[in-house]
Amino acid sequence: MALISTTPMLEKARADKHGIVAFNVHSFDSIFWVLEAASDLKSPVILQTTVGTVKSLGAKNIAEVAKTASDHYGIPTGLHLDHCTDFEVIKEAIRAGYTSVMIDASMHPFEENVSRTNEVIKLAKSLGVNVEAELGKVGGVEDDIVVSEEDAEKAIPLECKQFVEVTGVSTLAPAIGTAHGIYKGKPNIDFERISEIANLVNVPLVLHGGSAVPDEDVRRCVSLGMAKVNVSTELKNAYSIAIREHFEKNPESLDPRAYLQKAKDAAIEMAKSKIRMVGSENKVVPSFV
Ligand code: 13P
């Protein structure tokens, strides 16, 4: 099974009012862990990597491992480049076999966001590669992109409509009150704004900052049209904590299979809970395969 474009799976998810989780993966092992969870639950899934992960593991290696894991588990899998500001890295990812890319020009004024997004669309769309863009500014830290609470800015619904019309972008990530990382308090999600945007824009919407958002809030976002739900921090924390606990209990342990097994178990459990949260169990359809 080849890696597939995320466009049809997200369009179907939006129409069916379920979500698809896009898990940030940070190692080759975690690609297999996410796919095993998706396979156990018969769920389509998206693997995504930040630019930092591309730099540490290599775009080609990531795409090859993702394809091998997708073949092995027989699960329709999209491979997405998360929050990229650099056109050269986007080209590298597409050449390597990524099926979806995010051009994050949200730090620029509207017109420049449009022109940078259009540049990527010109390259990606004819190859069937999904393009995601961001409007407003999602707060928090994702790799090198740091947006403070004061600088976080919600997306303006009419700008979202205009943006989709002038770019033809396939998926849109509007900032609606979530942030990357773990929240200090309860996230203050603007459901009314999501609903307004979803009424004006018919492409699948993307929920960034999916970690530590209460399940019922994520489900409400999904029911309003947010089809792609990004989860990074909670997944990596789950397996890193499992490794830390292993060494706290077994400081002399030197067999990677022992601690990686614990990391794997924790990652699979976390990934399954997120897949169940968005309702994508048993949503593999023959047209994706
Ligand atoms: P979290 O780290 O909050 O899960 O956010 C993930 C994300 O939105 C990646 O773009």
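**Pocket, cavity and ligand**

Me: In this predicted model, which residues lie nearest the centre of the largest pocket?
Reply: The lining of the largest pocket counts 26 residues. Five of them lie nearest its centre: Gly139, Gly140, Glu149, Ala179 and Tyr183.

Me: What is the volume of the largest pocket?
Reply: The space is that of an open pocket, lined by 26 residues. Its volume is about 470 Å³.

Me: Which strand gives the most to the lining of the largest pocket?
Reply: Three strands each supply at least two lining residues: β6 (139–142), β7 (145–147) and β9 (179–180). One of these supplies three residues, the most. That strand is β6.

Me: How many residues in the lining of the largest cavity are polar?
Reply: Two of the lining residues are nonpolar. Two are charged. The polar residues number 11.

Me: Where does the ligand sit?
Reply: The shell around the ligand has 16 residues, and the closest are Asp82, Gly209, Ser211, Ser232 and Thr233. Gly209 and Ser232 are also among the residues closest to the centre of the largest cavity. The ligand's site is the largest cavity.

Me: Which strands each supply at least two residues of the shell around the ligand?
Reply: By class, this shell has 12 polar, two nonpolar and two charged residues. The strands that each supply at least two of its residues are β3 (77–84), β9 and β11 (226–231).

Me: Which residue has a polar side-chain atom 2.6 Å from an oxygen atom of the ligand?
Reply: His83 places a side-chain N or O atom 3.3 Å from a ligand oxygen. Gly209 uses a polar backbone atom, at 2.7 Å. The 2.6 Å distance involves a side chain, that of Ser211.

Me: What share of the ligand's exposed area does the protein bury?
Reply: Ser211 has a polar side-chain atom 2.6 Å from a ligand oxygen. Taken alone, the ligand exposes 310 Å². The share of this that the protein buries is 100%.

How values were computed
Residues are numbered from 1 along each chain as its sequence is written. This is a predicted model: local features need pLDDT of at least 70, side-chain atom pairs count only at pLDDT 80 or more; totals for chains, interfaces and linings use all residues. Side-chain values use heavy atoms; hydrogens and water are left out. On a 1 Å grid over the protein atoms alone, a cavity is a set of points where a 1.4 Å probe fits but cannot get out, and a pocket is an open set with protein on both sides within 12 Å along at least five of seven lines; lining residues have an atom within 4 Å of a point. Grid points are joined across faces, edges and corners, and a volume is the space filled by probe spheres set on the points. Helices (H or I, at least four residues) and strands (E, at least two) are DSSP runs, numbered from the N terminus. A residue is near a molecule or strand if one of its heavy atoms lies within 4 Å of it. A polar contact is a pair of N or O atoms within 3.5 Å; within protein, one must be able to donate a hydrogen and the other to accept it, and residues adjacent in sequence count only if both atoms are side-chain atoms. Accessible areas come from the Shrake-Rupley method with a 1.4 Å probe; for residues, only the protein chains shown count as cover. A molecule sits in a cavity or pocket if more than half of its atoms lie within 2 Å of its grid points. Ala, Val, Leu, Ile, Met, Phe, Trp, Tyr, Cys and Pro count as nonpolar, Asp, Glu, Lys and Arg as charged, and the others, Gly among them, as polar.
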